[in-house]
Amino acid sequence: MLSPKIKTLIAVAEYRNFTKAASALALTQPAVSHHIRELEEEFGVTLFVRKKNGLDLTREGEIAVRYARRFSVLYNKLRKELTDMENQPAKLCIGITHTAESNLTTEVLARCSREIEGLSIMIFTDTINNLYRMLENYELDLAIVEGTGSPQAFSSLVLNTDFLVSVMSPDSPLAHNAMITLHELKDQPMILRLPSSATRIQFDTELRNLNESPENYNIILEVDNIATIKDLVRKNLGISVLPQSACLKEIRKGNLVALPIENLSMARETRLVYNKDFSRMDILQAITGTYQETVRRYQ
């Protein structure tokens with residue numbers, strides 16, 4: 001059973017007030033204060049300091065709360081997994097990047113949840129660093145991300161090898177070319193991902209490796225949402241640089257054209273990342289197989 005003191009610590013950290021935490025936990029305020037005092041004595045640290053507008057966590061308190069939340073998640077997962085062993089369903093929390101949201105990933109997960117009896121999936125979309133943090137804290141069961149590797153703390157499977165390409169409308173004067181040069185790219189209005197995105201970081205890094213500066217390109221708009229970028233490019237309002245996998249459906253329908261960029265080798269992997277103690281190898285096999293089958297559908 002999860003210690004009541006752990007529950008109290010999490011509640012006080014959330015409300016920053018002993019009285020409000022006590023009300024949420026259906027405890028008395030002295031009981032809440034006693035739990036926190038016991039934890040402070042047990043670890044020999046101060047967890048909270050009083051301020052005019054409530055309580056603030058100390059640095060030690062921030063560490064304690066981070067682990068307390070992890071304990072709580074693990075305890076709930078333990079209860080769920082023991083229950084699932086009797087009933088055999090599986091409910092997975094899967095994190096995906098914004099790029100993965102725009103490629104085949106959501107279709108793959110939907111196919112898996114339909115084909116595997118008892119499987120249901122909850123999808124969270126966030127940046128790659130936040131997904132890794134959630135995975136480390138066991139808030140996620142799996143993450144599907146793009147890049148050239150994953151932290152050694154996790155295990156991973158390569159689902160697909162992808163490339164960044166120049167994406168444009170079929171009405172663009174460059175659309176009938178076999179490739180695009182950097183000189184041609186400089187002359188085009190560009191609609192790109194935000195500078196903090198993995199796609200943009202990779203593109204900017206490749207340019208700098210060729211002693212090119214991203215500032216020398218005509219970037220007219222920076223957008224976080226890939227679907228918005230594709231819609232603007234389709235309307236011939238600019239060209240972009242995106243993962244090819246995020247545009248497969250539009251390319252197949254003839255709504256977008258994708259061209260390689262001369263002298264830029266922008267390979268990247270789509271990976272399925274999970275904690276080393278993840279036990280459902282059958283689900284990993286199913287996702288991997290379904291992903292490969294779905295990619296073949298669009299080739």
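User: What does α12 reach from its first C-alpha to its last?

Analyst: This is a predicted model, in which local features need pLDDT of at least 70, side-chain atom pairs count only at pLDDT 80 or more, and totals for chains, interfaces and linings use all residues. Residues are numbered from 1 along each chain as its sequence is written, and side-chain values use heavy atoms, with hydrogens and water left out. α12 has 17 residues, and 24 Å is expected at 1.5 Å a residue (the expected span is 1.5 Å times one less than the number of residues; helices are DSSP runs of H or I, at least four residues, and strands are runs of E, at least two, numbered from the N terminus). The reach is close to that, at 25 Å.

User: Which residues of α12 are buried, and what covers them?

Analyst: Buried means under 20% relative accessible area, exposed over 50%, and partly exposed in between (1.4 Å probe, protein chains only). In α12 the buried residues are Ile283, Leu284, Ile287, Thr288, Thr290, Tyr291, Thr294 and Val295. Contact means heavy atoms within 4.5 Å. The cover includes β3, α6, β4 (119–125), β5, β6 (154–168) and β11.

User: Which residues does leucine 272 touch?

Analyst: Leucine 272 is among the core residues that touch the most other members. Residues up to four places away in sequence are not counted here. The list is Leu142, Ala143, Ile144, Ser155, Ser156, Leu157, Leu159, Leu284, Ile287 and Thr288.

User: Is aspartate 141 buried or exposed?

Analyst: Aspartate 141 sits in the loop between α7 and β5. Beyond four places in sequence, its contacts are Lys77, Lys91, Leu92, Cys93, Leu135, Tyr274 and Phe278. Its relative accessibility is 10%, so aspartate 141 counts as buried.

User: Which element gives the most to the lining of the second largest pocket?

Analyst: That pocket has a volume of about 350 Å³, and of its 20 lining residues Thr127, Ile128, Ser196, Ser197 and Ala198 are the closest to its centre. On a 1 Å grid over the protein atoms alone, a pocket is an open set of points where a 1.4 Å probe fits, with protein on both sides within 12 Å along at least five of seven lines, and lining residues have an atom within 4 Å of a point; a volume is the space filled by probe spheres set on the points. Two or more residues each come from α5 (98–102), α7 (128–136), β5 (142–147) and α9 (198–209). With four residues, the most comes from α9.

User: How far apart are the end C-alpha atoms of α9?

Analyst: α9 has twelve residues. At 1.5 Å a residue they should span 16 Å. The ends agree with this, at 16 Å.

User: Is glutamine 202 buried or exposed?

Analyst: Glutamine 202 belongs to helix α9. Leaving aside neighbours within four places in sequence, glutamine 202 is in contact with Leu164, Met266, Ala267 and Arg268. Its relative accessibility is 16%, so glutamine 202 counts as buried.

User: What is the phi of asparagine 211?

Analyst: Asparagine 211 lies in the loop between α9 and β8 (219–222). At 75% relative accessibility, the residue counts as exposed. Most residues other than glycine have a negative phi. Asparagine 211 is not a glycine, yet its phi is positive, about 60 degrees.

User: What is the phi of asparagine 263?

Analyst: Asparagine 263 is placed in the loop between β10 (257–259) and β11. It counts as exposed, at 60% relative accessibility. Its phi is positive in a residue other than glycine, near 70 degrees.

Methods:
A nonpolar core is a set of buried Ala, Val, Leu, Ile, Met, Phe, Trp, Tyr and Cys residues joined through side-chain atoms within 4.5 Å.
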